[in-house]
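Subject: Structure handover

Hello,

Here is the structure for your files. My notes on it follow below.

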Amino acid sequence: MSKNLFEQLKFDENGLIPAIIQDHKGGRVLMLAYMNAESLAQTVETGETWFWSRSRNELWHKGATSGNTQKVVEMRPDCDGDTLLVRVIPKGPACHTGEDTCFTKPDDGEHQPHSETGIGGVLDQLSAVIRKRKLARPPDSYTTYLFESGLDKILKKIGEETAETIIAAKNSGQKELTSEISDLLYHVLVLIAARDLSLDDIAAELRNRQGRPARKPKQG
């Protein structure tokens, strides 16, 4: 079975393939993660899901810390072989927020601060998730990793993302620049939460600046 499965799969240029995790009994999609050849082999061998963490650059066994493991019932690729469907029997919640699925609706998961789809609403929602993870410190979470690593690590990441944004801005590709700016904004939101500020504090400061005389450029 495993050999035949490997032959059907098409891993991307990074050696990864997206894995859609589905509840075997109810059919509900629980989460989406990435596997490489090693994590797939571990999944086949142990009968429980293993993934590859792109943020930490390492293997992780789902539920190794939380106990919320997933027993594999079936694995099959899609028609193109570039996505893997994994049907499981979950033992506990799939999402590190404590929800059964990572794809919760606004009325069956955590409260969504705003329903608007503009950048303000998106930042507000992301900020709320970051603050929740600061308090709960769920395992297998990159946000948890940043908070537990401390302020210096967060500042270092902001510096790295700023440099990468500058480099991307020098290039012609819009997609790369969009991605780097998104990474930078996320890490700035983590800093805001780490220092117990809020987006309302930032908004108030920006409103106070409206109507002020323009600053004169420095000479020399």
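Contact here means heavy atoms within 4.5 Å. On that basis, L84 touches L5, L9, I17, P18, A19, I20, M35, L40, M75, R76 and P77, leaving out residues up to four places away in sequence.

Two notes on the source. This is a predicted model: local features need pLDDT of at least 70, side-chain atom pairs count only at pLDDT 80 or more, and totals for chains, interfaces and linings use all residues. Numbering starts from 1 along each chain as its sequence is written, and side-chain values use heavy atoms, with hydrogens and water left out.

Cores. A nonpolar core is a set of buried Ala, Val, Leu, Ile, Met, Phe, Trp, Tyr and Cys residues joined through side-chain atoms within 4.5 Å. Buried means under 20% relative accessible area, exposed over 50%, partly exposed in between (1.4 Å probe, protein chains only). The largest such core has 18 residues; I21, M31, M35, F51, L84 and V86 have the most contacts inside it. Two or more residues each come from β1 (17–23), β2 (29–35), β5 (70–77) and β6 (84–90). β2 gives the most, with 4 residues. Another core, of 12 residues, lies apart from it and includes I130, Y142, V190 and A193.

Overall. There are 7 helices and 6 strands, taken as DSSP runs (helices H or I, at least four residues; strands E, at least two) numbered from the N terminus. Buried residues make up 30% of the 220 residues. V122 is found in helix α3 and is partly exposed, with a relative accessible area of 43%.

Best regards
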